[in-house]
Every structure is written in C-alpha cells, then in structure tokens.
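I looked up single residues and then the whole chain.

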Amino acid sequence: MHKESNKNKLNIVWFKRDFRTQDHLPLFHAEKEDIDYLCIYIYDPKKIAHQSCSLRHLQFIYHSINDINNTLNKFSRKINIFHHDSVKVFSYLNKLYSISKIFSYQETDVNSFWEIDKKVSLFCSKKNIKWVEYQRDGIIRGLKTREKWDKMWYSHVSAPIVFNKFSNSTIKLKDNPFQLDIRLKNKLTNWPLLYQPAGEKFAHTYLRSFVNKRGKHYTKHISKPNESRVSCSRLSPYLSWGNLSVKQAYITIKKSKNYNLFKRSFNASLMRLKWRCHFIQKFEMECEYENKCVNRGYEKLQFSNNIKLINSWKNGTTGIPIVDACIRCLQKTGWLNFRMRAMLVSIFCHHFDCNWKNGVYYLAKLFLDYEPGIHYTQFQMQAGVTGINSIRIYNPIKQSKDHDPDGIFIKKWVDELVNIPSEFVHEPWLMTDLDRSFYQINAKFNVPSIDIINASKLARKKIWSHRSDDIVKKENLRLIKKHTRNFKSI
C-alpha cells in the first residue's frame, strides 16, 4: 500500500510487551492506513524506577528491538527508542509531525504503569489523537466476571494467525532529543551468555525445538530443576515480552506433526498456556494484587520478617542446598522451573515467616520472564494468602531428594558443595567429623538457621487457623464470584 508522505501527519505504533513482527495487530492496522507510521518504544524513567524492574528486563527489551529492526531494515523501518517521560515523548512527536492515530496493545501491568497510560490517554484526548488498543493474548479489559472467559479464550487462540506485510517507510526521524543515556545504553548492549537469547527469531527457534524434540519428556521432567531446563518449553521469556504470541505457541504445538506422539506432554503445555492467561486476566481485573493480599483478610497476619533470614534467602546462603542452588541459578540465568519457584516462595513466607511483600520484588527482578499478571498472583498463591487455594508448604529436603536425587543441580550452582557425596548433598550438616575426614571435605558450608520441620509445623498452624477469620471467609465468597468459572454452582 502506498503511504502518504506528509511531514505534518503520521500514525504511531507504540510497542510495549509485544516485540515481534508477526501476529501483531497494531502493525497490521497501521499498514492499512493511508498515512505512514512510526514505530516507537519508550524507556520511561518511571517504569525503569519501579521496584520490579531490573537491568536484565531492559536488556531483553533492547535486544528484542534490535532483532525487529534487523527484520524491518529492508523496509526502511525500525523501532525508534526514546528515553524520557511518555507524555513528553508524544508531545514532542506531535509537534514535529501531528499525530493522527496511535496503535498499541493493551498492557496488563502494575498500577503505576496504568497511571502512565491514563496520562497518555488524557494527552490524546486533548490533542484529538485517536489511540487504538488491542487485546493481548485473549486478556479482556473491563471484564466483571469469568463466566464465559474460557470460551472466549479458546476462540482467540484458535483464530488465524495475523500475517503482517510491510510497506516501505516514507518517514525519516532525523532528530531525537530523548535518546538513551549513554551509560544505560552501554549496559543494555551487554548480554550475559547464560541468559536465553532475546528476540522473535530465537522465540521461534525455541518453539520449534520444543515441538520437534525437547517436549517429549515435558511432563516427566517438569518438576526436576536440572532436566526441566531442557524438556520445558522455555518459551516464558518470549511470551512475557511478546516475542511470541500465545496464539502462535498454541497453534504451533496443537498442529505439530508430533502432537499425537507427545500428546500427554503437549496437552499439558497447552493447558499451562491457558493457566498463564487465566492469572493475567485475574491481575487485569484487580491489579491491587501487586501490594495487597488477594484475600484482604490476610492483611492482618503478623510476620517476624527476620532481616538475616531475608538476606540469606536473597543471597543464596540459607544453608539449605536446594534453596541456595535455586537462588544462585536465578541470579545467573534468570530461569527456574515452576516447582522450584514455588518452593522458594514457600521457604520465604512459611519457614522463614516473612511477609510475601518483602520478597516479591526481589524475585521479579531475577525472573527474565517476569510477567506481572502471573508473578503477583502466583507469589500470593504459594504464600497462602489467597484464601481459596490449597496451602502448599514445601519440605525443601524432600523436594531436593525427590527431584535432584544425585545433587547434580545443587552441585552445579553451589560451589562449596561440589565435592560432597550424594548421600550428604541434601543435608550436608549431617556429616560428622569422621565423614568429612574420610571424604577429605575441607570446604565450609552454611548450616540452616532454622529447624525446617518445626518451622513447617508452626507455619501450617498459623496459616490454616487464619482461614476461620470472618473477613477471610467473606473475601472468599467475593473472590469465588469474581474469578471462578461457573461460580453459581459452587
């Protein structure tokens, strides 16, 4: 399609968590317009300053943008990066060109990001700019109950994938006064080798390798911290930052030639795609979950919040081998399987008796696949403050012996335990002086500062007894009505 070359008029495609070129509705509709469009991404300082944001997130975004720009380069297009307040960026562009429309996906994020969007919306209203937003991954804004959500979600992921074609751009943005701060840019260009590579191309590479081979043992290895690094799809970072849409993943897995061969594993992975969107939809309806208990009745719970225990958990020096291995693995790679994530939250909230709010942002920063809609709701579920979910208090020693029996994962990430015999790797404090002498173990290692069994009993009694609280019970009814399908029959 021929685009109108008019320096005083243009449309904008505003990228948020949708860094891809295919199955992308804002790009699709921008191409259908008569006037040309500019692609932008804004590193808004308010977003960067949020407690959940970390350098690895900003790096993933930066490298995803580079990947898109390599694709769009032949059309003389690219995502232009701005580092400034979002409203001021749009104000500058509007003075330079006169914006007609802004195309973007809706973003399910923390409340402070929503406040930025509201300010942009107000600016658009004042300047007579039409802002067109599209649903992301079947998440529905403004939904009051979940009664028909399942059916609508399946309809979304079963619809044809949007095929994007691109015209040659007529816009040349010669001046950008809001370019990346050079110190930040130098940090963004770096990419630690142990992180998954960012971008749309790598997203499809991982997806293909999952359906062609890796997914065969998905259900068998999903709980194992070491084997899951291969057999899990590893698509979560690409879904979180939009290198891949949920629809693209769903259809590729469902229509794979190996679907009937790996049916149990593939169906399990498809169900988890749905669960993923279920939790994001939950957060879309109540973004207060970032800093308030899902069930408000649990706000009354008191915690010891021992700072030494909190710091040992954050630093991977708790003395519990599997816990320390998981934290150190996250610090280095940004990815961990679900069961081990759940165990980390359980240890923090239950065994260490800490308020979930004191650990939620730390893990958000570590997760390369940080997705607000999943993170806060899942963290609270494992913390036992939703009121309507089963309370899971994981015994870390049992988890370690069940899912890393030979200590392969532990030894990979906890250097001081690398020479410990397998029979002691889960509980090295059980070694006697004679054992240490026999195995020539000279390295020092931390000893847990809590009694794991006793701490578990105290936590279970505390959290279960609070379920009889009147506010908790009242909140449960509200939550069931709002977030549960077919609530009338419950």
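Where is the place of I140? I found I140 in the loop between β5 and α6 (149–158). I took helices (H or I, at least four residues) and strands (E, at least two) as DSSP runs, numbered from the N terminus.

Before going on, I noted the ground rules. This is a predicted model, so local features need pLDDT of at least 70 and side-chain atom pairs count only at pLDDT 80 or more, while totals for chains, interfaces and linings use all residues. Residues are numbered from 1 along each chain as its sequence is written, and side-chain values use heavy atoms, with hydrogens and water left out.

**Entry: I140**

I checked the cover of I140 and read a relative accessible area of 12%, so I140 is buried. Here buried means under 20% relative accessible area, exposed over 50%, and partly exposed in between (1.4 Å probe, protein chains only). I then listed the contacts of I140, leaving aside neighbours within four places in sequence: Q135, W149, M152, Q281 and E284. A contact means heavy atoms within 4.5 Å.

**Entry: W191**

I placed W191 in the loop between α7 (182–189) and α8 (200–212). Is W191 buried or exposed? W191 has a relative accessible area of 18%, and therefore counts as buried. Not counting residues up to four places away in sequence, W191 touches R56, Q59, F60, H63, Q196, P197, A198 and L368. With Q196 I found a further detail: the side chain of W191 reaches the backbone oxygen of Q196 at 3.5 Å. I also checked W191 against C277, 86 residues apart in sequence, and got 29 Å from C-alpha to C-alpha.

**Entry: S64**

I found S64 in helix α3. Its relative accessibility is 0%, so S64 counts as buried. Leaving aside neighbours within four places in sequence, S64 is in contact with F19, A198, G199 and N243. A198 is also among the residues that W191 touches.

**Entry: S223 and K224**

I placed S223 in the loop between α9 (218–221) and α10 (228–231), and K224 is found in the loop between α9 and α10 as well. S223 counts as buried because its relative accessibility is 16%. The side chains of S223 and R339 are joined by a polar contact of 3.1 Å. Residues up to four places away in sequence aside, S223 touches N337, R339, M340 and H403. For K224, with neighbours within four places left out, I listed N337, D402 and H403. I also looked up K224 against I410, 186 residues apart along the chain, and read 12 Å between their C-alpha atoms.

**Entry: positive phi**

S76 has a positive phi of about 60°, and lies in the loop between α3 (55–72) and β3 (79–82). At 38% relative accessibility, S76 counts as partly exposed. N128 also has a positive phi of about 60°, and its place is in the loop between α5 (111–126) and β5 (130–134). N128 is exposed, because its relative accessible area is 71%.

**Entry: whole chain**

Along the principal axes, the C-alpha atoms fill a box of roughly 80 × 55 × 50 Å. Buried residues make up 59% of the 490 residues. Of the contacts between residues at least 6 apart in sequence, 79% join residues at least 24 apart.

Key. Polar contact = N/O pair within 3.5 Å; in protein donor to acceptor, adjacent residues only side chain to side chain.
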